[in-house]
Amino acid sequence: MSMHTLPPSVLKGEGMTSQRARDRLAAQLKESGVRDARVIDVIRNLPRHHFIDQALHSRAYENTALPIGHGQTISQPWVVARMTEALLEHFDERKEKPGRVLEIGTGSGYQAVVLAALVEQVYTVERIEELLRQARRRFRQLGIGNIRSRHDDGKLGWADEAPFDAVILTAAGDSIPSRILEQLSPSGVLVAPVGSPSNQVLIRLRGDGEGDFVQEELGAVSFVPLLGGIG
């Protein structure tokens, strides 16, 4: 991993972006049911304000989704934490270390960076070129070396690098695209929102290693729609 290229003042923050603000967010996540200390620690130490426009910095450590342009948002920290925790639980129960994870919908890059701190390798696909360009710059500035990114239709996944041990979708469709399911390892896990804009639920699909998957519902959520094509 390379050295940070961001000034220390940006990494540390001040006032509404200070460590105290991050600690309050971490406490809120714990109070709201996030149990995995590894996930909470990553979010506590990650400068979320670096992933949004400066005009929104004062709200960076609120437990809410925020706009990032192009009709997209940076997800609510609780959602990021819960999705990451749900992924890790699968591997903890199998006494395995998370390996290769595919993320559909890079957005600001925040979820990818959280994952990169906890798994071996992240592959992330974004359909909006400008968002991906900004996310790549953030990855470089933060010195993140285990994220590979691609500008493509997220519904197609990343077949050249399949199979993946885990898949996370950060946008909601009526169902999980078949091309993405085909790229999941038989013993892997997928975490994603599904449903209509007004009625979405977070699900987890867990493979048994023999071709069957068990679906669990993890709670109501609200995500931007999963769209095809590139922009």
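Helices and strands here are DSSP runs, numbered from the N terminus, with a helix needing at least four residues and a strand at least two. Keep that numbering in mind as you move through this predicted model.

**Stop 1: L190**

Select L190, which sits in strand β7, residues 184-196. Is L190 buried or exposed? With a relative accessibility of 0%, L190 counts as buried, because the cut-off for buried is under 20% relative accessible area. Now show what surrounds this side chain: leaving out residues up to four places away in sequence, L190 touches V167, L169, I176, I180, L181, L184, I203, R204 and L205. For a sense of scale, draw a distance from the C-alpha atom of L190 to that of R136; the two are separated by 24 Å and lie 54 residues apart along the chain.

**Stop 2: the largest pocket**

Rolling a probe the size of a water molecule over the atoms shows where empty space is left. The largest pocket has a volume of about 460 Å³. Its lining is made up of 35 residues, and those nearest the centre are Q72, T73, T170, A171 and V224. Colour by secondary structure and you can pick out the elements that each give two or more residues to this lining: strands β2, β3 (100-104), β4 (121-126) and β9 (213-221), together with helices α4 and α5 (110-116). Colour by residue class instead, and the lining of the largest pocket divides into 17 nonpolar, 13 polar and five charged residues.

**Stop 3: T170**

Stay with the pocket and zoom in on T170, one of the residues nearest its centre. T170 belongs to the loop between β6 (164-169) and α7 (178-181). Its relative accessibility is 15%, so T170 counts as buried.

**Stop 4: S75**

Now select S75, which an unreviewed UniProt entry lists under "active site". An annotation of this kind may be inferred rather than shown by experiment. Look for S75 in the loop between β2 (72-74) and α4 (77-93). S75 has a relative accessible area of 17% and is therefore buried. Which residues is S75 in contact with, once its neighbours within four places in sequence are left aside? They are R48, T64, A65, V80 and F223.

**Stop 5: backbone details**

Finish with a look at the backbone. Most residues other than glycine have a negative phi, and most peptide bonds are trans.

- H70, in the loop between β1 (66-69) and β2, has a positive phi of about 60° although it is not a glycine. H70 is partly exposed, with a relative accessible area of 49%.
- K95, in the loop between α4 and β3, has a positive phi of about 55° and is not a glycine either. With a relative accessible area of 76%, K95 is exposed.
- A162 and P163 are joined by a cis peptide bond, with omega at about 5°. P163 is found in the loop between β5 (147-151) and β6.

Key. Residues are numbered from 1 along each chain as its sequence is written. This is a predicted model: local features need pLDDT of at least 70, side-chain atom pairs count only at pLDDT 80 or more; totals for chains, interfaces and linings use all residues. Side-chain values use heavy atoms; hydrogens and water are left out. Buried means under 20% relative accessible area, exposed over 50%, partly exposed in between (1.4 Å probe, protein chains only). Contact means heavy atoms within 4.5 Å. On a 1 Å grid over the protein atoms alone, a cavity is a set of points where a 1.4 Å probe fits but cannot get out, and a pocket is an open set with protein on both sides within 12 Å along at least five of seven lines; lining residues have an atom within 4 Å of a point. Grid points are joined across faces, edges and corners, and a volume is the space filled by probe spheres set on the points. Ala, Val, Leu, Ile, Met, Phe, Trp, Tyr, Cys and Pro count as nonpolar, Asp, Glu, Lys and Arg as charged, and the others, Gly among them, as polar.
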